[in-house]
Amino acid sequence: MGRIGKEVAAQVITFIGLVGAAVTCGIPMWRVTSFIGANIVTGQVVWDGLWMNCIMQSTGQMQCKLNDSVLRLGRDLQAARALVIISLIFGFLGFLLTFIGAKCMGCLKSDSSKAKVVILGGCLVIFAAILILIPVCWSAAITISDFQNPLTLETQRREIGASIYIGWASAVLLLVGGIILTTSCPPQQPMYRYSGYGPPPAYPYAGPVVSPATYGPVYAPASRIYSGSGSYAPSKPYGAPTINTARQYL
C-alpha cells in the first residue's frame, strides 16, 4: 500500500500542476497595466497575455483582442508561447505513463518494467516543470526591470499578473509530483542480476554414481562349538596347601 499511496498522491499533485499550467497558458494576465487618471471614470486596466490583450474600463466594460501577429509580442512572451505548449505536451505524456506503469494496473507484468515506466513518466513531469518555469521567471524579470526603469512612462508601467503566480505554483507542484514518482518505486531486481555480477555458477547433475568397491570373501578364525559337557575346573591340578600347627612357633 505504501508504493500505491505514493503513486496516487504524485498523480494527484501532477494533475493539479497540469491544470495550473493550462490556466497560465490561457488567461491573459501575464502583465497588468493599471492607469487611473484624475477622474475615476477614466480608469482602465490592461491585461497582456500570450494569445490576447484585454482592456477593462472602470465602468465594467471589457474588450479583448486576439494577437494577430506574433512579432508584436516581446521576446519573452514569444518564447513563453512555445515553452508553455511544449511543457503541457511533456507533462501530459508523463502523466499517462504513470498510469501505464502504476502498480495497481495490469498493463505490464513485471514490477521492474512498471517501475521503469513510472520513473520515465516522473522525468517527463520534471522536464515539463522546468519548461514552464523558464518563461514565467523570464517574463517576471522583464516586467520588474521595466517597472523600475525611470525612463518608462507612468502610464506604461506594468506589474506582474496572476498568470505568473499561477505558473510558479504549477512548476512547484510538477516538480514535487515528478520527484515523488522518480523515487517512490525503484526497479526491484535479484542480487545476482545486478550490474557487475555474472550469473550464478551452474553445476551439472550427472546422476547417481555407482561405487567402484569390490566384494570378496572374508576369512575369519573357526569358532569352537560348545558341547555343554565341559567343566570349569582348571586343566592343571594344584596341590593342597600344607597345614602348619601353631605348636612349632612356641
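**View 1. The β2–β3 hairpin of this predicted model.** Start with β2 and β3, which make a hairpin with 3 residues between them. β2 covers residues 44-48 and β3 covers residues 52-57, and the two pair in the antiparallel sense over 5 bridges. To get your bearings on this pairing, look for V46, which sits opposite I55 in β3.

**View 2. On to the β3–β4 hairpin.** β3 also forms a hairpin with β4, this one with 4 residues between the strands. Check out G60 in the turn: its phi is positive, at about 105°. β4 takes in residues 62-66, and its pairing with β3 is antiparallel, over 5 bridges. A handy landmark here is N53, whose bridge partner in β4 is K65.

**View 3. R31 and its polar contacts.** R31 belongs to strand β1, which runs over residues 31-35. This arginine counts as buried because its relative accessible area is 7%, below the 20% cut-off. Its side chain makes a polar contact of 2.2 Å with the side chain of D76. Another polar contact, of 3.2 Å, links the side chains of R31 and T143.

**View 4. Who else touches R31.** Leaving aside residues up to four places away in sequence, R31 touches V46, W47 and D48, among others.

Definitions and conventions:
Residues numbered from 1 in each chain as written. Predicted model: local features only at pLDDT ≥ 70, side-chain atom pairs only at ≥ 80, totals over all residues. Heavy atoms only, no water. Buried < 20%, exposed > 50% of the residue type's maximum accessible area, 1.4 Å probe, protein only. Polar contact = N/O pair within 3.5 Å; in protein donor to acceptor, adjacent residues only side chain to side chain. Contact = heavy atoms within 4.5 Å. Pairing = 2+ DSSP bridges.
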